[in-house]
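Hello,

Here is the structure I promised to pass on to you.

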Amino acid sequence: MRKFKKLVVLEPVRFDKAAEEALFEYAENVRIYRDIPPDDAEKIRRMKDAEAVLVFYTSQIGAQVIEACKDLRYIGMCCSLYTPASANVDISYARGKGITVTGIRKYGDQGVPEFISSELVRLFHGFGPRRWQEEEMELTGVKLGIVGMGDVGTAVAELMFAFQMDVYYFSRTRKPGIEDKGARYLPFHRLLETVDVLTTHLHKNTVIMTENDFKRFGNGKVLINTTFTPPYPLDALKGWLQQPGNYYIVDSAVSIGGTDGEIYQMPNVICPDVIAGQSVLSGVLLRKKVLQNIEEYLSSQDF
């Protein structure tokens, strides 16, 4: 298996010492940067003579950066890759230049349902500073709506069955497997009108709810999001949160304008500002899958 001439780790990618040392098996020269590049000029400076680069979700790699890096053959995304449109790398442009882009899946999924169940139990029982209703409640019999029944949405549904929640969902395609376990499909507008709790599990930069959808969802409800971008305009979310009885659960503050933003400061917003899918196990799986992608690429090439 031939090695890359030079591989650059553009920014922190959750690699430990062993994983960093493993990179030398795949490249003659490895350069590791431990901070996030502030602009495209710095990205180009770091990547310019590299054949391979590893990136996290924290940097956008657009056409201008890719065009400036003439030796680039491989971009390894050390984060989820579901669709080109939701990626932080301009995959279409890269492929047009003959550059392979890889990403990973199913490495941090289980932390999301654990976060959601934890915060719902605290909110329903009043174990923390807030309580959803006047009296304590169990999750049993509460109507939960899931938007996006992919890997994460399915994991959420399966855990919520254990709490005996009534699970409904909307997705681009029907999922017979989860329906066989008890989830019920509803069109999106019907879902909004039916459920007490709504959790969204969509690709980044996907917007599905409008201000009118918030009105259809109504008040006295709980809304949850664990994606780095909100699937609705923040102004619409803020307006909904100003209505009585509504609560918002979100893991990272990045999707609501940061910890200095107005939404983060609202009393009915629950945000620990910790990424739900990030854990010791997810880090192990991330490193394993990223290194496997590199090895598979090199094994398939003759250059």
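Below is what came out of it, going from the whole chain to single residues.

First, some housekeeping. This is a predicted model, so to speak of local features we ask for pLDDT of at least 70 and count side-chain atom pairs only at pLDDT 80 or more, while totals for chains, interfaces and linings use all residues. Residues are numbered from 1 along each chain as its sequence is written, and side-chain values use heavy atoms, with hydrogens and water left out.

The overall fold

The chain has 11 helices and 12 strands; these are DSSP runs numbered from the N terminus, with helices being H or I of at least four residues and strands being E of at least two. Along the principal axes, the C-alpha trace spans about 65 × 40 × 35 Å.

Of the 303 residues, 49% are buried. Here buried means under 20% relative accessible area, exposed means over 50%, and partly exposed lies in between (1.4 Å probe, protein chains only). Among contacts with a separation of 6 or more, 59% come from residues 24 or more positions apart, a contact being heavy atoms within 4.5 Å.

Charges and salt bridges

You will find 36 positive and 39 negative side chains, with the centres of the two sets 4 Å apart. Lys and Arg count as positive and Asp and Glu as negative, without His and the chain ends; each charge is placed at NZ of Lys, CZ of Arg, CG of Asp or CD of Glu.

The structure holds 18 salt bridges, each being a side-chain nitrogen of Lys or Arg within 4 Å of a carboxyl oxygen of Asp or Glu. Glu 67 takes part in one with Lys 70, where the closest N and O atoms are 2.6 Å apart. Lys 70 is exposed at 62% relative accessibility, whereas Glu 67 is partly exposed at 28%. Glu 67 also forms a salt bridge with Lys 97, at 2.9 Å between the closest N and O atoms. Because Glu 67 lies in helix α3 (residues 63–68) and Lys 97 in the loop between α4 (91–96) and β5 (100–104), this pair ties together parts that are 30 residues apart in sequence.

Another salt bridge joins Lys 106 and Asp 151 (4.0 Å, N to O). This pair links distant parts of the chain, 45 residues apart: Lys 106 is in the loop between β5 and α5 (111–125), and Asp 151 is in helix α6 (residues 151–162). Lys 106 is exposed, with a relative accessible area of 51%, and Asp 151 is partly exposed at 22%. Elsewhere, salt bridges with shared partners join Asp 35, Glu 42, Arg 45 and Arg 46 into one network.

A buried valine

Finally, do look at Val 250 in strand β11 (residues 247–250). Val 250 is buried, with a relative accessible area of 0%. Beyond the neighbours within four places in sequence, Val 250 is in contact with Phe 115, Asn 225, Ser 255, Ile 256, Ile 270, Cys 271 and Pro 272.

Best wishes
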